[in-house]
Each structure stands twice: as C-alpha cells, then as structure tokens.
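Visitor: I have a two-chain model open and some questions about it. Can you walk me through it?
Guide: Go ahead, here it is.

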Amino acid sequence: MNAAIVPQPIGYHSGDDDCIELRRLHRFFGETKAVYDVSFTVPRGHVFGYIGPNGAGKTTSMRILATLDLPSYGDAFVDGLSVVNDPELVRKRLGYMPDSFGTYRDVNCVEYLDFFARAYGLVGRERIARLDWVLGFTGTRGMAEKPIRGLSKGMKQRLCLGRALIHDPAVMILDEPAAGLDPRARIELRRMIRDLADRGKTVLISSHILTELAEMCDSVGIIEQGQLLATGSVDDIQRQQSHQRELTLRILDTAAGAAKRLETVESVSNVILDGELVRFAFAGELRDQASLVAQLVGEGFAIAEVTSHKKSLEDVFLQVTEGLVQ
Amino acid sequence: MSGGGSISEAAGANHPASRADKSTEFWLWLDDVCERFGDRVNPILVKETRQALKSRQFVVTFSLLLFAALAWTVAGSLSMMPQIYTTPSAQRMLVGYYIVLAIPMLLVVPLAAYRSLEGEIDDGTLELLSITFLSPKQIVLGKLASASLQMLLYFIALFPCVAYAYTLRGVDLPTVMLLMACLLVAGLLLTTIALFFAPLAVSRTGRIATLLAVLLILVMAEYAVAGLSISLILYGNPLTTQWVSFLVVATLLVAMTTGYLLTSAAAAQLTPESENRSTTLRLACSGLSATVLGLAAFAVWSLGDDSQAVLGLAGVSLLMLWTLAGSMMAAESGAMTPRIRRELPSSFLARMFLTWLTPGPTTGIVFASINVIVFGVTFDFLATEFRRQYGVVPLGPRSPDVLRQIIVLVCTYLIGYLVLVRCVMVVVRINNHPRVEIGIAAMVAVSVLGALVPYSVGMHLNDYRSYPYSPWQITNWMWTTNQAVDGSLSGLTVSLIAGFVGIGLLGCVLAAGHHVLPGRIATPDKVKQELARG
C-alpha cells in the first residue's frame with residue numbers, strides 16, 4: 001500500500017438512499033492515473049454494472065471501495081461511511097469477491113466458509129445457520145466436504161460468492177464474477193445476483209460480458225483510462241450520447257412510396273427499403289415519432305408494424321468508449 | 001444440536017443420519033464445550049490447526065520425530081548396555097532427544113510460520129482476511145499461536161522420552177527444565193522473528209532475500225542454542241545461582257518485549273497506512289529499552305563487578321535499537337489522515353506528554369531523542385553506581401569524566417544524525433513515497449558521509465599526510481569518539497557538538513510546527529453511533 005495519502009475533509013454523503021458513493025476518486029501509481037476524478041452513486045438495492053476495457057480502472061476503484069487500497073485523493077462511501085476513515089465499519093457492510101480466487105491448501109469447502117464466518121465474528125448457532133444458508137443459496141451443499149483444490153472454476157466462483165455473503169453484507173462488490181464460466185454457470189450466477197438485489201442488497205459488478213450485465217443491471221458506469229465517461233441506465237446513456245433512434249416500419253403494398261416520402265422528412269436519415277420493411281434513423285423525441293407515424297397513416301400508407309430498435313449495451317459501450325479519452 | 005453446533009451440521013444438514021453417530025450425552029457435552037472454546041479462540045488458530053493436521057509437512061515432521069525418538073531410544077540404550085544399569089547415562093540420551101526436538105522446534109515450525117504468512121500474501125488470501133473483522137495483530141498472533149500449538153505437540157510427543165532419559169540419572173531436574181524452557185522460548189522467539197520477516201519484502205527478489213535471511217538466522221540460532229544446551233547437558237551448569245536467576249529473568253523479559261516489538265512490527269506491515277501504525281511500535285521500543293536498562297540496573301546491583309559485561313551489552317544493544325528505530329521514525333510520512341487525527345490527545349497534559357507518540361517524522365525524532373537522552377542519563381547513572389560500588393570505571397575508560405564524555409558524544413551524534421536523516425527524507429519525499437526502512441539507508445549514508453567528507457577534505461588540505469584532530473572534524477563521529485576514548489577531546493568541542501545538535505533539533509521541530517501540534521478533529525456522530533453499537 002503505497003498510496004500518497006492526502007488528508008481529506010470529513011464529509012458524509014447526503015443522500016440516505018445512496019448506498020455507494022464515489023466522490024472525486026483519484027488513484028495514481030507513479031505517473032499513471034489508474035483512476036481519475038471518478039464520481040457516481042448507487043442507490044440501495046440496485047445492481048450497478050461497471051464496464052470498461054482491461055486496465056480502465058475498474059478493479060482499482062473496486063479495491064478502494066473494498067478498503068483494500070487507498071485513494072490518492074477523494075473518498076468513497078458505503079452507507080455514508082468513509083472507506084478511508086472508517087474502514088472497519090465499512091467492512092461490516094461489505095462483501096467483496098475479487099477477480100482472483102484465494103485458496104487455502106488442505107481445507108474443504110465448509111471449513112473454508114467456516115473460517116471466514118469466524119473471521120467475521122459469527123459464533124455458535126448464528127454461524128451454523130449462516131453457513132447453512134450460504135451453502136444452500138450458492139448450491140454448494142453437495143460438495144461441502146470436498147477439498148477446494150478439486151473444484152471446478154464455476155464451483156470455486158460459487159464458493160467465493162458464498163464467502164463474500166457469509167456475514168450477510170448490505171453491499172456486494174463483485175469483480176468479474178462471470179469470467180471463465182460456462183453458459184449454464186453464468187445463467188445461475190446471474191440468477192443469484194438478481195436474487196441478492198431482490199433481497200435488498202446493493203451490488204456493484206464488473207464484467208466483460210456486456211449482454212450479461214445488460215440483463216441484470218439497473219444502471220451502468222462506463223470507465224476508460226481511469227475516467228468515468230457515462231453513468232445511468234442503458235437508455236439514459238444512449239439518450240445522453242445521441243438523440244437518434246432506429247425505427248423500422250412494415251408498410252403493406254406501398255413501402256417504396258413511403259420510403260421516398262420519408263427521405264423528404266428533415267428528421268429522418270439513412271432510409272433503407274427491404275421488401276415491406278423500411279428502416280431509418282429518426283432524430284427526435286417519442287412525441288415527434290408518434291406524429292410522424294400518424295402523418296404517414298393520414299397520407300394513406302398502411303403501416304402494419306412500428307419497431308423501435310433499442311441499442312444494446314455493447315453498442316452503447318462502443319459508442320461511448322470510442323476514442324473519447326486520449 | 002449442541003449449543004455451539006458444528007460445521008459438519010451445516011454441511012450435512014440434509015443428512016440426519018450423521019447426527020445419530022453421537023451416541024452419548026457426554027460426547028455431545030464435550031462437543032458443545034469444544035465448539036464454545038473454538039468460538040473464543042483466534043479463527044486463524046482454528047483454521048491453521050485444521051490445515052496442519054491434514055498437511056503433509058506436519059504429518060511427515062511428526063512421524064519423523066516419533067521415529068527418530070524411538071530409534072534413538074532403542075539405539076542409544078543398546079549402545080550403552082550393560083553400563084546403563086549401573087552408571088548415570090542420561091546425558092547421552094538427553095543430547096539425542098534434544099537434537100530430535102530442536103530441529104522441528106527451532107527450524108521447521110518457525111519456517112512453516114514464515115511460509116504460512118508469506119503464502120497468505122502470495123495467494124491473495126491476506127486481502128480476503130484483511131477485509132474481515134480480524135485485525136492485523138490478530139492475524140500475526142494467530143500464526144504465532146498455531147506455531148506454538150505445533151511446538152506443544154512435538155513437546156508432548158517427546159516428553160516420555162525426556163522422562164525416560166531423566167530416570168537414567170546424570171542430569172538433574174532443574175537442568176532438564178532449564179533446557180526445555182530455553183528450547184520453548186527460543187522456538188517462540190524465532191517464530192516471531194520469522195513472522196516479522198514474512199511481510200517485509202514485496203518483490204520476488206526481496207522475498208528470496210528475506211527467506212535466505214530467515215534461514216540464516218534460524219540455522220545460526222539452532223547452532224548457538226544447541227551449543228549452549230549440549231554444553232549444559234554434558235558439562236553441567238558452571239554459573240552461580242545469581243547469574244542463572246539473572247539470565248532466566250533477562251531471557252524471559254527480553255524475549256517477551258522483543259517478541260511484542262516484532263509482532264507489532266509484523267502487524268504494522270499488514271496495516272493500511274491510513275491507520276496509526278506508529279504509536280504501538282514506539283511504545284514497544286520504549287518498553288524494550290526500559291527492560292534492558294532495568295536488567296542492566298539489576299545486574300549492577302546483584303552480579304558484582306561481572307555486571308560490566310551486561311552494562312556493555314545493554315549499551316550496544318540500545319544504541320542499535322534507537323539507531324534503527326529512530327531512523328525509521330524520522331522517515332515516517334508527515335501526512336496525518338483524519339482517522340489518526342480523531343485519536344489525537346486533546347487535553348493540555350495529554351498533548352504535552354502524549355503528542356510524541358502520534359505518527360509523524362518530527363514527533364518521531366523528538367520521541368527517539370527523549371529515549372536516547374533517558375538511555376544516556378540512566379547509563380551514566382549506572383556507570384557511576386558501578387564505580388561507587390566496585391571502585392572501578394566500567395567498560396575501560398581511564399576516568400569517569402571520559403566515560404561521561406563518551407556517553408554524551410554517542411547520544412548527541414545519534415540525535416544529530418537523526419535530524420540529518422529527517423532533512424534527507426524531506427528531500428526524498430518531494431516526489432516519492434518511500435517506505436520507512438529507507439530511513440535506515442539514509443542513516444547509513446549520512447553517518448558514512450559525515451565521517452568521510454571532513455576526513456577526506458582534511459587529507460587533501462594536508463597533502464595526504466596524517467594530521468591532528470581539529471574542531472573541523474566534529475561531524476566525524478568516529479574520530480571524535482576515538483579522541484574522547486583517548487581522553488584528549490576538549491570539553492569545548494563536546495559542548496560545541498551538543499549545541500549544534502540542540503539547535504538542529506529545535507530547528508527541525510520549529511520548521512514542522514503543524515506536525516508537532518496537530519489539531520484533533522471530531523469523530524462524526526454516525527461513526528460514534530456505529531462504534532457504540534459495536
């Protein structure tokens with residue numbers, strides 16, 4: 001730990017509903033700006049996806065949040081408690097699953113979980129009950145007596161999730177939990193994370209598998225070269241980046257005429273005719289979109305279908321991260 | 001289910017048949033008691049014991065120990081037949097058992113403890129541990145407790161053999177007990193040293209270097225302790241009762257205070273720098289210093305004129321302690337996190353006396369200087385007392401004034417060089433964030449340059465011929481101290497050196513007033529509530 005500590009003014013985040021807050025977080029490694037002025041909040045019970053290419057600063061900011069590293073400047077808060085000033089209080093609320101799996105030799109799964117339960121101060125019946133719940137929730141009961149060495153990657157990930165959950169934390173920080181998992185394991189992991197969010201836990205998760213994140217996250221943050229480029233829901237970010245949306249109309253009999261008509265509309269571009277389908281980009285709000293469709297219907301075009309294409313998280317990611325930070 | 005419950009219950013919650021095995025209430029009660037006990041002991045000890053009982057290292061070492069003890073019992077006894085029935089034969093048997101026991105206790109267990117803590121760092125499990133409720137000190141003490149338990153098992157396993165050797169006559173019970181106590185204390189101290197070294201290096205090369213250093217220390221200690229113990233067995237105890245009492249007390253006290261210092265230092269290395277890592281170490285250094293001075297005083301009053309060896313050893317060891325500790329204190333970071341500032345002393349008296357325990361380079365220099373002055377004054381007092389009681393000046397100088405001059409010079413130079421180390425570290429810290437160990441390197445550099453530069457300049461000015469001492473050489477601690485030992489150093493020169501050092505120390509303190517008088521800040525209400533809730 002070689003962070004240059006800069007004394008910070010004491011401050012606690014104002015919003016009671018924000019469970020996680022990163023405030024002007026900076027982390028330098030020599031000349032390298034691993035994290036540079038990153039700020040965002042995650043409301044209680046939300047799943048927040050942290051997206052970025054390798055070396056973007058995701059793991060560094062998650063480690064700071066997990067009290068494993070110190071910021072060079074700025075602070076991070078969990079439930080209003082500073083990770084710099086009150087790490088031991090933060091740890092009570094926090095479950096952290098790193099991207100690497102730390103194992104002990106000559107220890108089986110239940111002994112591993114039992115050890116961490118003891119380390120989190122759980123004793124007696126409470127510890128046994130918690131172990132039982134974690135083994136059941138993560139589906140590891142059947143391999144409780146197996147040595148950790150012999151576990152598959154997926155099983156190790158489940159066990160690691162169980163370890164992070166053992167003290168029933170309010171906040172979960174999951175660094176690449178789906179890395180290297182097969183599709184079934186990924187689906188099960190996704191189910192578990194959604195289940196945790198439904199139980200009121202706030203989850204901060206990073207992953208390279210954007211389709212997975214898109215399905216489980218309430219909001220995302222996109223980071224590149226240490227700088228946060230965008231935060232919010234996928235739709236919000238899409239709207240922030242561009243007001244254009246892709247529309248497809250299925251028009252019976254007169255699709256070619258409709259395509260010609262659309263080319264004359266100012267807010268329409270890139271019109272493509274494909275049989276009965278007319279695809280085009282539309283710049284405007286939803287109300288403008290409705291007016292356009294009504295106008296076409298009024299002009300006698302038989303519109304059978306209107307489809308608005310939502311951009312995928314991958315599209316948004318590529319759009320946001322493309323050369324924006326030099 | 002028993003009161004505490006067991007982890008097998010959680011694992012086999014859907015296998016009710018597993019509980020049927022516990023047939024009697026006694027076993028259930030015992031299980032309950034063990035679980036409750038297990039809940040109270042350090043989790044690291046529980047985990048390490050589980051690991052150790054399954055590990056190849058423990059099984060192999062324990063089996064080898066039993067096999068070697070059995071083999072020596074048979075071979076040793078047969079080799080002494082038939083005289084074993086008529087002549088005292090315990091010595092030879094005990095030497096064999098000592099060697100069998102000393103190898104695991106002084107080599108294997110400390111090395112295993114080192115590897116265990118190093119393994120936690122390498123495998124990334126230390127990070128997982130550090131975000132639990134376990135403090136760094138608990139982690140280190142857990143490792144120490146686990147090593148102690150292993151030692152105890154080896155000890156118990158070999159106890160019948162030692163008892164058998166004792167029945168063969170030739171070694172008295174106090175000697176056997178002293179031998180075992182020495183082995184246990186040495187084993188614990190070596191484990192503590194090994195744990196201190198484990199988190200020291202970060203890089204791969206550093207790890208190899210620390211491993212080699214630990215191996216070297218363990219082998220040398222094994223050799224030294226074995227030499228002493230075997231001589232004790234074979235030739236008996238040549239020391240007087242007073243010396244034995246003194247050595248027993250001194251060994252225990254020094255081992256305890258050094259052990260506390262080393263475990264605190266190991267824990268400090270595992271503690272994030274936002275927390276106060278300095279105060280405990282400063283107190284531990286002061287505790288060790290006070291213990292050594294107390295033992296020196298005890299020696300002067302109880303051991304006769306032989307005690308000057310103790311006095312000399314105490315002087316050299318404390319000088320080394322405060323040179324190393326003071327250098328690291330002078331190299332501490334000046335930044336003080338809000339977390340540390342919350343715990344600063346607030347009342348007038350507390351600020352007057354306890355400010356020097358708060359982290360920071362300037363408070364560190366003042367703290368080290370106070371301890372060095374206390375050491376110097378006490379040492380001078382003990383030397384005076386020695387001369388009063390036995391009529392000679394201890395440690396060789398021709399007169400008490402010369403000894404006093406040497407003590408003043410040594411203390412003054414140490415404080416002066418600490419001030420210089422602080423100045424060097426101010427420059428180093430402008431664009432870097434070095435570890436405190438760099439302070440030792442800075443101390444070596446300034447002390448070598450302080451002696452070499454004026455000497456070289458003098459040589460150059462005198463056409464490389466020998467020249468007499470002059471006040472221009474006052475930074476040359478070697479030559480100046482040598483002059484004092486010869487009794488040819490003037491009082492004016494000593495006063496000049498002490499004056500310069502005093503001004504330097506004052507300047508150092510004044511230049512960093514905000515570090516010396518840090519303001520306490522309030523603990524937020526939310527944190528107070530959380531802490532009160534536990």
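Guide: One term before we start: a residue is buried if 20 or more other C-beta atoms lie within 10 Å of its own, with C-beta atoms placed from the backbone. Also, this is a predicted model.

Visitor: OK. How much of chain B counts as buried?
Guide: Of its 534 residues, 38%.

Visitor: How many helices and strands does chain B have?
Guide: Chain B has 21 helices and zero strands. Its C-alpha trace spans about 90 × 75 × 45 Å along the principal axes.

Visitor: How many residues are in the largest nonpolar core?
Guide: The core has 204 residues. Those with the most contacts inside it come from both chains: V78(A), I173(A), V203(A), Y97(B), A194(B), L195(B) and V421(B). Helix 5 of chain B, residues 90-122, gives the most to this core, with 17 residues.

Visitor: What is Y97(B) in contact with?
Guide: Leaving aside neighbours within four places in sequence, Y97(B) is in contact with A69(B), W72(B), L158(B), C161(B), V162(B) and A165(B).

Visitor: Switching to the interface. How many residues does each chain put into the contact?
Guide: Chain A puts in 50 residues and chain B 42 residues. On the chain A side, helix 2, strand 6, helix 3 and helix 4 each supply at least two residues. Helix 3 of chain A has the largest share, seven residues.

Visitor: What is that side made of, by class?
Guide: The side of chain A that touches chain B has 29 nonpolar, ten polar and eleven charged residues.

Visitor: Back to I173(A). Which way does it point from strand 7 of chain A?
Guide: I173(A) points one way together with V171(A) and D175(A), while M172(A) and L174(A) point the other way. Five of the five residues of that strand, 171-175, are buried, so strand 7 of chain A is largely enclosed by the rest of the structure.

Visitor: Which strands pair with strand 7 of chain A?
Guide: Strand 6 of chain A pairs with strand 7 in the parallel sense over four bridges, and Y96(A) stands opposite I173(A). Strand 8 of chain A, residues 202-206, also pairs with strand 7 in the parallel sense, over five bridges. There, S206(A) is the bridge partner of D175(A).

Visitor: And how does the chain cross from strand 7 to strand 8 of chain A?
Guide: Through helix 6 of chain A, residues 183-198, in a right-handed β-α-β crossover.

Visitor: Last one. Is helix 1 of chain A covered or exposed?
Guide: Mostly covered: eight of its eight residues, 58-65, are buried. They include K58(A) and R63(A). Helix 1 of chain A is followed by T67(A), which has a positive phi near 65°.

Conventions: Residues are numbered from 1 along each chain as its sequence is written. Chains are lettered from A and ligands numbered from 1 in the order in which they are written. This is a predicted model: local features need pLDDT of at least 70, side-chain atom pairs count only at pLDDT 80 or more; totals for chains, interfaces and linings use all residues. Two residues are in contact if their C-beta atoms, placed from the backbone, lie within 7 Å. Ala, Val, Leu, Ile, Met, Phe, Trp, Tyr, Cys and Pro count as nonpolar, Asp, Glu, Lys and Arg as charged, and the others, Gly among them, as polar. A nonpolar core is a set of buried Ala, Val, Leu, Ile, Met, Phe, Trp, Tyr and Cys residues joined through C-beta atoms within 7 Å. A residue is buried if 20 or more other C-beta atoms lie within 10 Å of its own, exposed if 12 or fewer, and partly exposed in between; C-beta atoms are placed from the backbone. Two strands pair if DSSP finds at least two bridges between them. A crossover is right-handed if, with the strands pointing away from the viewer, the path from the first strand over the helix to the second runs clockwise.
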